[in-house]
Structure formats: C-alpha cells, structure tokens
Amino acid sequence: MPKPWCNLSTFQRLLILRALRPDKVVPGIQDFVTEKFGKKFIEPPPFDLAKAFADSSNGAALIFVLSPGSDPMASLLKFADDRGFGGSKLAALSLGQGQGPIAMRMIETAVQDGSWVVLQNCHLAVSWMTTLERLCEELNPDSTHPDFRLWLTSYPSPHFPVSVLQNGVKMTNEPPKGLKANLQRSYLNDPISDPEFYEGCVNKPAWSSLLFGLCFFHALVQERRKFGALGWNIPYEFNETDLRISVRQLQMFLNEYEVVPFAAIKYLTGQCNYGGRVTDDWDRRTLICLLDKFYCKEMLDEEKFSFSESGTYHCPPVGDYDSYLTYIKSLPIIPDPEVFGMHSNADITKDQQETILLFDSILLTQARASAEGGKSSDEVVLEVAADILAKLPLSFNTEEALRKYPTDYNQSMNTVLVQEMGRFNRLIDTVRSSLINIQKAIKGLVVMSSDLEEVSGSILTGKIPGMWKKKSYPSLKPLGSYVNDFLTRLKFLQDWFDTGVPPLFWVSGFYFTQAFLTGVQQNFARKYTIPIDLLGYDFEVLGDELPTEPPDDGAYVNGLFVDGARWDRKTNVLAESHPKVLQDTMPVLWLKPCKRDDIPEKSTYTVPVYKTSDRRGTLSTTGHSTNYVVAMKIPTDKPSEHWIQRGVALLCQLDD
C-alpha cells in the first residue's frame, strides 16, 4: 500500500478492504486467520466416517449437516455394509408428512435389537422435531443396546432441536468445489467407474463424447450456484442421482438406436432428470440452453469440440476411460468464468455474495454492547428513529386524490395513482408507528415487545426491520439507502398528484409495477377498442435525454439497470460489461402496447425484469411474483444464448 498506509496491521488492512473492495474480504480474512492461528484453521478436514463413528455412542445421534449437491447416503450404506450393519440391520426413512409414527416404531425396535436407524431430511418434518428431541433425551446408554446408532440428515434449519445438535456427533460432506474436482468425482463414482458398465455401450465414439459432455454439464449446473442470481434465480440441489440416471438413460438409448436420438435424451435429461427440480421458467431456459451445448451433433462431428471461447475446455478425442481422467487432471484448478458462459465480472459478484453471507452470519452472533465512551445502543436507536421520523411526510390523502383524479374510462393512470398511494400509506403508517413506539419503549413508557426489539436490532445493524418488510415493496438495500429510496418514491407520487400524469414514469418507484403496466395496456385497449388479452408490448430503447411530453400511445419509463451486461450508447445494442462495472443504467424506454401478432420481428434478447437483484420471489395472492415484473425484448447483435448463459437481466433497483 502507498504511504502512509504501508505499516498497517493485517486487521487494519481488512478494514480498508471492507470499505474499498468487499469482494476481496474473504481471502483477506483467510490470510488474517492463517497469520494468527495457522493454516489448519482454514483448510477443511477430509471426510472420515469411520473416525466420526468412533466418537459416537448409543445414547447420542450422528448428524449429517447437508449442503447442496452432497448426498451422504451412498457413503453411509457402504460404511454400514463394511461394519456388518447392511440389509435388515439398517432401517432408513425419509421424513415428511405422516412419517413420524413410523420413525418412532423403527427407533423403538432398533433400541432393543441393536440395529441402525437413518432418518433423512429432518428439516422437512418441523412439527415432529419436538418428538425427536424427546426420543433422543430418553436414550439411556444402560438400557439401550450397545450396537444401536441413530443417524440423522438435515439441512441447516432453525427448527432442528438444539439439544440433539449439541449432544450429537456432527459431520458435513460438502461436494468438491471447482469444475475440475466435480468432473473428477463424476468419473470416479459409480456407475461410470465400473469397467463393465463403461465398456457396455455399442456406439463407443458417441458414448465417450456424450458421456463427457453430460458430466461437464453436471459440473456446470452445480458450479453456477456460486454466482448467485447470475447463475440461477433459485439455487437448485442438483446431485449425483440426477447424473446417475441420465448416464444410464444415455447408454440405454445409444444401445437401442443406430442414430443418436438427441431430442429424446435432451428431453429426459433437461426436462425430467434435472429439469424436474427447476421451478423457475427463466432457470429452465438457462438449463436447456446449457444442455444444448453438450447434447449436439457437433460434439460427435468436430474434433476437440470447444466448450469455451478460449478453447481451454474442450471435448477430448475419443479414447479409453483413463484418457478422460488424464485430460480432467490437466484442467485448471480455478475455472475462468468464461467456461460458464459468464463475463469475468461474474467472479466479483460471486466474491461479494460470499462476503455478504459471511458478515450476515457474524451479525447473528453479535451481542448488543457498546464500547466504553461511545454512544449506547439505545442512544443510537433513538437518534436514528428521530432522524427518520423528521424526514417522513404525512400519509397521502387518498380521498382528495380520488376527487382530483376520479376513475376515468380513458385514463387508467388515475386509478393506478390512487391505489399506489393506498399501498404506500400502509407502509408509512407501519414505519411511523414502529419508530414512535420504539422511542417510547426505550424510555420505559410502553412494553418492549419482540417486534419492537427486532426493529431496534435491525436499526443497530443497518437492516430493514422485519415489521417494515411485511408491508414493504421488495428491497435488499441497507437501512439508510432504503429510507432514502422510500422517500424518493413518496416524492414521485406527490409530484404526480401535484402536477398531473408525468411524461416519464420512474418505473422503479411503483409498489405494484404490474398495475402500472396493465394500466398502460388498458388505456390503449380502450382507445382503439381492442380486447386487452390480445395485447403485448413492443419495446424501443431511446436516448438518455428525458422527454418533456408523453407519447401518443404507451409510456416512457426509466429507472432500470442492466445486470450482467451494459447498454452500448453508440450502437444501441446490448454489449459486454466494462471490467469491474457490474451494472449499467438503461436509457429511457418506450413501452408500446400493440397486438401480439403485430409485434415486429427483430434481433432481440428476451430479458426478464426483476424488482431486486435477488431475482427470485414468491407467488402472491394476485397471481403475480413478488419479484418478477415483465419480460422485455432488447436489441442485440449476438445470439440470445450468449446472454442467457451470462444471466443478463434488468433490475428496478440496486442493492446499495
């Protein structure tokens, strides 16, 4: 570092990293831990089931803490066989609705005859966890068969009994990190590692190439999770079972057909085996797009068919089993984002996600205390609450708004405005009442309820209180930015009320954006007497100059950000991001309602629009997602597949 910062301690350097380069905080903390405690504290120990079993007893459970992509059952079944507890001596049950009584009977029987019981997916049986806790507390080593063991598997869950966790032997077996390790594990695991199975295909050239492509696809879909929403909107738990069934189906089809039935194997692998886990339509589009790269005719026709633009990753020449393992060992340990179809900026996004997760976890363990001489927690909360209350305007007068902007057949925007004011009023009232009550609670005038305590804790950590979130639009901003954003939205509606329908709509400022989009279509449908269900949107990207007059039809909107790419102002098409610039502002867009049949064919990318960078939402009672807004068609000079793999989307707001 430059002077005068060159003599800083490792911890002081961490503080600077936190402020300037949050994506580099995790490696910085690893260096700090290594310097202070040693390298063994940052290297995970190898998974050793025998060692964990040696520490166990018949009176405490052995607990597998699951992580996405790992399934310990295969290892456990093999270990049970080696110990002589296979077959009838091991009873396994996946917990779920109605499985509790069966599990109880299994445990009661096993306690007497000394067999093993495996209860899988405890996180799914929330209501039965209290019974499990009681059963574990009643396990008396003196009256329990010495060979009895209770194995539990669960994802991290707040409902898992703490006493069982504290008394049990805890294990975790994370899947291998990195494309190379993932590929290697696929080839070393059953059934591919079985020589009889591997050599059992009639069409050897197609089998070798497509099998490698399938394993590469499996590694890709698992590794994309680390890129957060750029990889998948929802982090799916693709695992070895999906690969295993796909491999067997691939061999079966190649043995039964002379010509490779690409359509059939694509459907079974993409839509059924892997696609069966996918619940988001945009993720399904990504999955099929990725699979098309590997299950294609070019894989068989081209020598060294490339999986990446640089050619570093390709399909090796047809050879024996060992030749593929040799090629896998030659691959880079740390994969470049290009192999996932990503821009190099995706690594920054991934590292920032890791930092956010780390700090969120640290905050959960933080005690409420203040340094000597500084402000107390209560003083900080009182100060912030007073500051927000001073800035918060009065609630909107919806009755006056209804008089000024009555329901009009030809102007649906009147209804949109009044409804938006009503929605924001509920949030204003919640924010105001909670801040007033927290001030009273700190002064001892009212009882400090659990809800108010959560508001106080959120203010101290700079988070949006849960009480507000229940009434709020989706937002991932810290508290300070959220309040500023909230006040800007209120000003947007107030200006609309004061000066009339704006020529340019700040589309990010709406609470319920779909109501605005429907209103624009409704105006068009009533003006030209066209059924609204025949209408769609054509989109035109204009310049950065703000219009002063509204269009004859449709609406001008701004306030969108492009994530994973940028808008090229010179060529007016979607383009690659600049290095280290993760998002770019979109110019003014013209939403043009028209009949779906009349929308002109252009070279466009269909880009989903989301309210936040989290991208995933839940289906609300209105039938709309709480996060997804609409799909827009944006001009591009590259194939759509290029942007699909990059995870390009439009966002209504950023996280800062």
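Reader: OK, ground rule for strands: two of them pair if DSSP finds at least two bridges between them. Over how many bridges do strand 1 and strand 5 pair?

Author: Three, and they pair in the parallel sense. Strands (E, at least two residues) and helices (H or I, at least four) are DSSP runs numbered from the N terminus. Before we go on, this is a predicted model: local features need pLDDT of at least 70, side-chain atom pairs count only at pLDDT 80 or more, and totals for chains, interfaces and linings use all residues. Residues are numbered from 1 along each chain as its sequence is written, and side-chain values use heavy atoms, with hydrogens and water left out.

Reader: Good. Which residue is the bridge partner of Phe 64 in strand 5?

Author: Met 171.

Reader: And what's the strand order in that open sheet of five strands?

Author: The order is 2-3-4-1-5, with parallel pairing. Strand 2 and strand 5 (169-171) each have a single partner strand, so one side of each has no neighbour in the sheet. From one strand to the next, the twist averages 15°; angles here run from 0 to 180 degrees between N-to-C directions, with axes being lines fitted to C-alpha atoms, for helices over the stretch in contact.

Reader: What packs on the sheet?

Author: Helix 4 (residues 73-82) does, touching strand 1, strand 2, strand 3 and strand 4. Contact here means heavy atoms within 4.5 Å. The direction of helix 4 makes about 175° with that of strand 3.

Reader: How many bridges between strand 1 and strand 4?

Author: Four, again parallel, linking residues 62-65 of strand 1 with residues 149-154 of strand 4. Val 65 has Ser 154 as its bridge partner, and Ile 63 stands opposite Leu 152.

Reader: What about strand 2 and strand 3, over how many bridges do they pair?

Author: Five, between residues 90-94 and residues 116-120, in the parallel sense. Ala 91 is partnered by Val 117 there. The chain gets from strand 2 to strand 3 through helix 5 (residues 100-113), in a right-handed β-α-β crossover. Right-handed means that, with the strands pointing away from the viewer, the path from the first strand over the helix to the second runs clockwise.

Reader: Switching to helices. At what angle do helix 8 and helix 15 pack?

Author: About 165°, with the axes of helix 8 (residues 179-188) and helix 15 (residues 321-329) 9 Å apart. That makes helix 8 roughly antiparallel to helix 15 (angles under 35 degrees count as roughly parallel, over 145 as roughly antiparallel, 65 to 115 as roughly perpendicular and the rest as oblique). The crossing is left-handed, meaning the near helix is turned anticlockwise from the far one by less than a right angle; clockwise would be right-handed.

Reader: Which residues meet in helix 8 and helix 15?

Author: From helix 8 you have Lys 180, Leu 183, Gln 184, Tyr 187 and Leu 188, and from helix 15 Tyr 321, Tyr 324, Leu 325, Ile 328 and Lys 329. They divide into seven nonpolar, one polar and two charged. Ala, Val, Leu, Ile, Met, Phe, Trp, Tyr, Cys and Pro count as nonpolar, Asp, Glu, Lys and Arg as charged, and the others, Gly among them, as polar.
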